[in-house]
Amino acid sequence: METIKIGIFGLRRGSTFIDSIKVCNGEIVAVCEKDEKLIAEVKNDLPKNTVFFTDFDSFIAHPMDCVLLANFFHEHTPYAIRCLEKGIHVLSECTASSTLAECVALARTARNSNAKYMLAENYPFM
């Protein structure tokens, strides 16, 4: 089974997925997070070769198959669109949009991309 190279955008929620990614044959290759305290808290739980970014454009320029969007929910859509346009698969860990217009833009981008988009809305079940 091929290992999936995953980037995590947002550690406040994204860090809760680290163990699940590991047991599902995922390799966390990059993290984008501005809060250095959060990075320090999870650094030992991640592979030594994980690269850390504070800038999203630099983050998605790093080689990876998929991005787990775990930033603020109302900000998922523009980041998902940028990933899909680059051919990077996207998993939004919660509601991706706060407006119908954003939903339409995301759906259109996903339809025209070679990458897959997945919504993993899980908040009501926590």
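## Basis of the model

Helices (H or I, at least four residues) and strands (E, at least two) are DSSP runs, numbered from the N terminus. This is a predicted model, in which local features need pLDDT of at least 70 and side-chain atom pairs count only at pLDDT 80 or more, while totals for chains, interfaces and linings use all residues. Residues are numbered from 1 along each chain as its sequence is written, and side-chain values use heavy atoms, with hydrogens and water left out.

The pLDDT, the predictor's confidence in each residue from 0 to 100, averages 92 over the protein, and 95% of the residues score at least 70. Confidence is highest in helix 4 (residues 56-61), at a mean of 98, and lowest in helix 2 (residues 18-23), at 91.

## Pockets

A pocket is an open set of points on a 1 Å grid over the protein atoms alone, where a 1.4 Å probe fits, with protein on both sides within 12 Å along at least five of seven lines; lining residues have an atom within 4 Å of a point. A volume is the space filled by probe spheres set on the points, which are joined across faces, edges and corners. The largest pocket holds about 400 Å³. Its lining has 18 residues, of which Phe9, Gly10, Glu33, Asn71 and Phe72 are the closest to the centre. Helix 1 (residues 11-14) provides the largest share of this lining, with 3 residues. By class, the lining of the largest pocket comprises 8 nonpolar, 3 polar and 7 charged residues, where Ala, Val, Leu, Ile, Met, Phe, Trp, Tyr, Cys and Pro count as nonpolar, Asp, Glu, Lys and Arg as charged, and the others, Gly among them, as polar.

The second largest pocket has a volume of about 260 Å³. Among its lining residues are Ile4, Phe17, Cys66 and His89. Strand 1 (4-9), helix 2, strand 4 (66-69) and strand 5 each contribute at least two residues to this lining, which divides into 8 nonpolar, 3 polar and 1 charged.

## Individual residues

Ser92 belongs to strand 5 (residues 89-92). With a relative accessible area of 0%, Ser92 is buried (buried means under 20%, exposed over 50%, partly exposed in between; 1.4 Å probe, protein chains only). Its side chain makes a polar contact of 2.8 Å with the side chain of Tyr117 (a pair of N or O atoms within 3.5 Å; within protein, one must be able to donate a hydrogen and the other to accept it, and residues adjacent in sequence count only if both atoms are side-chain atoms).

Asn25 lies in the loop between helix 2 and strand 2 and is partly exposed, at 25%. Although Asn25 is not a glycine, its phi is positive, at about 65°. Lys34, in the loop between strand 2 (26-32) and helix 3 (36-42), is exposed at 68% relative accessibility.
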